[in-house]
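Biologist: I am new to this structure. Please take one part and walk me through it closely, then show me what else is worth a look.

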Amino acid sequence: MSTLVIIAHPDISNSTVNKKWRDALSEDESLVTVHELYPEYPHGKIDIEKEQKLIEAHEHIIFQYPLYWYSSPPLMKQYLDEVFTRGWAYGSNGHALQGKNIGLAISIGSVAEAYTQEGNVKFTIDELVSPMIATTRFVSANYIGVHKLYSAFTITPSQLEENTQDYLNFIKTLNTK
Ligand SMILES: Cc1cc2nc3c(=O)[nH]c(=O)nc-3n(C[C@H](O)[C@H](O)[C@H](O)COP(=O)(O)O)c2cc1C
């Protein structure tokens, strides 16, 4: 298994999108390793060594989370702060992520039109995830893009199913690389 999906959703039992994505990914254990940060670390004490070993064991890494205030839930940021250490992720001898593929999967409450120059938000999702892209570059990994779902509040079951299949295809393409 060479794809690791790291999920950061603070309340996945009440989730529609991230739960559906997680369950679809988990159906085929040969496809990915699914790793959920909030259930793993309910008190926020991340096991850094364990997380680094998990990353080392996989070639492709996907960070999956709902968009919160145009950013990520806090444990996602804390994970980067604590797991991407100097001497492991960067700095001398810090090459653990070099050449790995890193992508994102993000659910978004508002409609797609809001995330345009003319829309309410005035920034695209690709612009809003620029800190993640810059982080990927900093650790010499390849940024492979973001799978998105807009209108999370009003999505119909069939639209969610279609989007989930697109997500699975995105992951399957990685496994052939
Ligand atoms: C604290 C919080 C902040 C949010 N901020 C945003 C936001 O900035 N933009 C947006 O479009 N949706 C925002 N939302 C909506 C979530 O993105 C949406 O509920 C989530 O993607 C749905 O996924 P789920 O069904 O897996 O929970 C926010 C929701 C919460 C709870």
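Modeller: A residue is called buried here when its relative accessible area is under 20%, and exposed when that area is over 50%. Keep in mind that this is a predicted model.

Start with helix α6, which spans residues 130–138. Which of its residues are buried? They are M132, I133 and T136. These three cover an arc of only 100° around the axis, so they sit on the same side of α6. Now turn to the face pointing away from that buried side. There you find P131, R137 and F138, which are exposed.

What do the buried residues of α6 pack against? Three strands take part: β3 (60–66), β4 (101–107) and β5 (142–149). Two helices do as well: α4 (74–83) and α5 (125–128). Just after α6 comes S140, with a positive phi of about 60°.

Strand β4 deserves a stop of its own. N101 lies in this strand. N101 has a relative accessible area of 12%, so it counts as buried. Its side chain is joined to the side chain of N142 by a polar contact of 3.1 Å. Setting aside residues up to four places away in sequence, N101 touches E59, H60, I61, N142 and I144.

Next, the ligand. In H9, an N or O atom of the side chain is 2.7 Å from a ligand oxygen. In N18, a polar side-chain atom also lies 2.7 Å from an oxygen atom of the ligand. With S110 it is a polar backbone atom, 2.9 Å from a ligand oxygen. How much of the ligand does the protein cover? On its own, the ligand has 630 Å² of accessible area, and the protein covers 77% of that.

Finish at helix α2, residues 37–40, where E40 is found. Is E40 buried, exposed or partly exposed? Its relative accessibility is 32%, so E40 counts as partly exposed. Leaving out neighbours within four places in sequence, E40 is in contact with H35 and K50. With K50 there is also a polar contact between the two side chains, at 2.3 Å.

Terms used
Residues are numbered from 1 along each chain as its sequence is written. This is a predicted model: local features need pLDDT of at least 70, side-chain atom pairs count only at pLDDT 80 or more; totals for chains, interfaces and linings use all residues. Side-chain values use heavy atoms; hydrogens and water are left out. Buried means under 20% relative accessible area, exposed over 50%, partly exposed in between (1.4 Å probe, protein chains only). Helices (H or I, at least four residues) and strands (E, at least two) are DSSP runs, numbered from the N terminus. The arc is that of the directions from the helix axis to the C-beta atoms. Contact means heavy atoms within 4.5 Å. A polar contact is a pair of N or O atoms within 3.5 Å; within protein, one must be able to donate a hydrogen and the other to accept it, and residues adjacent in sequence count only if both atoms are side-chain atoms. Accessible areas come from the Shrake-Rupley method with a 1.4 Å probe; for residues, only the protein chains shown count as cover.
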